[in-house]
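Hi,

Here is the structure I promised to pass on.

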Amino acid sequence: MRRRGTAAGGTGALLVFCAAGVLLGAAVAPARAAEVSYATHCVPPAGIDPVDGTTKVEITAPATARVGDTVDVVWKFVQAASRNPDIIDLPANSVQPSGVLKAAGAQTAGIAMRGPRENPAIPKGGAMVLSDMKGSVKLTAAGEVTLTPDAYTVNAMSTDTKCTPKETVQKAATIQVTAGGGTSTATPTRTATPTRTATPTRTATATATTTGGTGQTDFTGKEVQIPYACKTPIGDRSATSPVQINARKDGGSYALTVQFKKSVMDSPAEIPKDSVKPSMEVVLGGADKGTVHVEGPTNAGPVKAGDPIEIPDLTGTYKPGASGTSTLSPGVLTVKALGTTTTCTPARTQVSLSLDTTGQPGGAAGGTSTSGGTSGGSTGGSAGAAATGGGDSGDGGLAETGASDHGALKALGLVAGTAILLGGAVFTLMPRRRTR
């Protein structure tokens with residue numbers, strides 16, 4: 001009897017171990033789908049003819065996951081639709097891809113994908129060799145989630161080639177998402193202490209999102225690269241700026257802070273104090289809808305020619321209008337300077353911050369704009385914030401000044417003897433961070 005009891009105990013322990021192993025294996029088991037090909041139309045920089053070709057893509061994602069998990073996805077280019085034009089040889093590490101992967105089925109989302117600037121030297125007329133792009137998505141609903149490649153951008157030496165599908169693209173991967181409780185085999189595992197403590201651990205490791213429901217009050221967003229197209233008083237401009245959205249919970253609302261980072265530009269002319277006023281419409285997604293208005297103060301003092309121009313933090317208040325996971329992304333930027341207005345619309349946008357929200361009376365859901373901060377902002381809305389391709393943006397007709405590898409950052413212009421802040425300049429004029 002004692003030997004039989006020992007064997008039964010050992011068997012029970014083995015069953016518990018195996019059940020845990022099955023669940024762990026389901027969470028990490030990779031699924032590599034068959035190659036997906038689709039006809040693609042690519043538009044190179046001005047002066048080069050468009051190209052029609054075939055894109056071949058392979059998507060890697062977990063075969064199974066649970067609601068609440070944040071999963072990593074890899075987009076591998078088997079073949080790019082365009083080739084290097086017969087103009088110049090592209091040096092090594094000069095090409096960077098970015099794009100959008102569509103999630104559908106149980107959950108709908110646009111997953112921002114980006115690869116490193118890594119490539120071998122590509123000769124004139126040679127096939128484009130693109131690095132693998134990576135992205136992540138937080139799973140919010142049980143069921144089958146399909147992943148389908150969409151538009152992508154190839155940035156080479158500060159110029160963009162934008163490629164979009166010409167036909168319906170077939171799904172490239174599928175994730176089977178189960179509810180957090182799992183199946184019946186998970187019953188012994190739920191009784192184990194490590195499994196119970198694993199639930200908050202999973203929510204804490206969502207790298208690109210930060211949730212609120214555990215008493216946390218400060219939430220730090222992810223820095224995202226946003227390519228802007230700007231309408232200025234003297235013409236159109238474009239540039240890419242790194243943007244980060246942070247939040248502090250205050251009762252049922254959130255105090256937002258939008259920061260611009262890394263790049264610094266100098267002023268070519270004297271700019272008086274109180275003459276530059278920036279504002280932005282932060283785009284809501286996920287459970288919530290609408291926009292949140294944020295703005296910064298005017299420049300406190302004059303800016304001398306040759307000195308850096310600083311853009312302060314933009315602040316406002318987000319009052320949720322829905323319960324669930326809500327996303328916040330940089331949207332339309334407006335800059336008022338010296339009696340002129342420049343409006344900058346994202347060519348694509350990315351989620352900087354995700355919050356687990358609780359709807360408040362009079363909150364944002366269903367509206368077109370939610371005002372926060374002080375009065376006097378712009379009314380740009382979210383009209384131009386659709387996520388369709390992207391990448392580092394360049395403008396071949398303007399000089400680069402103080403840029404990193406993001407490409408052409410725009411300069412200030414003089415119109416009728418008056419310095420006017422051009423759209424591409426203002427939002428890439430980064431602040432020297434203040435000591436808090």
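To get you oriented: where is methionine 157 found? Methionine 157 sits in the loop between β9 and β10. Strands here are DSSP runs of E with at least two residues, helices are runs of H or I with at least four residues, and both are numbered from the N terminus.

Before going further, the ground rules. This is a predicted model, so to speak of local features we need pLDDT of at least 70, side-chain atom pairs count only at pLDDT 80 or more, and totals for chains, interfaces and linings use all residues. Residues are numbered from 1 along each chain as its sequence is written, and side-chain values use heavy atoms, with hydrogens and water left out.

Back to methionine 157. Its relative accessible area is 42%, so methionine 157 counts as partly exposed (buried is under 20% relative accessible area, exposed is over 50%, partly exposed is in between, with a 1.4 Å probe and protein chains only). Together with Ile87 and Ile88, Met157 makes up a nonpolar patch on the surface, with about 280 Å² of accessible area in total. Patches take residues with over 30% relative accessible area and no salt bridge, joining like charges within 9 Å and nonpolar side chains (Val, Leu, Ile, Met, Phe, Trp, Tyr) within 5 Å. The areas come from the Shrake-Rupley method with a 1.4 Å probe, and for residues only the protein chains shown count as cover.

Now the salt bridges (a side-chain nitrogen of Lys or Arg within 4 Å of a carboxyl oxygen of Asp or Glu). The count comes to 6. Three that I looked at:

- Aspartate 52 pairs with lysine 166, with the closest N and O atoms 3.6 Å apart. This one links distant parts of the chain, 114 residues apart: aspartate 52 is in strand β3 (residues 51–62), and lysine 166 is in the loop between β10 (159–165) and β11 (173–178).
- Lysine 102 pairs with aspartate 150 at 3.9 Å between the closest N and O atoms. Here strand β6 (residues 95–105) holds lysine 102 and strand β9 (residues 143–156) holds aspartate 150, 48 residues apart. Lysine 102 is partly exposed at 45% relative accessibility, whereas aspartate 150 is buried at 13%.
- Aspartate 356 pairs with lysine 138, again with 3.9 Å between the closest N and O atoms. Aspartate 356 belongs to strand β22 (residues 353–357) and lysine 138 to strand β8 (residues 133–138), 218 residues apart. Aspartate 356 is partly exposed at 26%, while lysine 138 is buried at 14%.

Strand β8 also holds methionine 133, which is buried with a relative accessible area of 0%. What is methionine 133 in contact with, leaving aside its neighbours within four places in sequence? Its partners include Val73, Trp75, Phe77, Pro97, Met113 and Arg114, where contact means heavy atoms within 4.5 Å. Methionine 133 and arginine 114 are 19 residues apart in sequence, yet 4.6 Å apart from C-alpha to C-alpha.

Last, some backbone angles. Most residues other than glycine have a negative phi. Asparagine 93 has a positive phi, near 60°; this residue is in the loop between β5 (70–79) and β6 and is partly exposed at 46%. Aspartate 274 also has a positive phi, near 55°; its place is the loop between β15 (253–260) and β16 (276–286), and it is partly exposed at 48%.

Cheers
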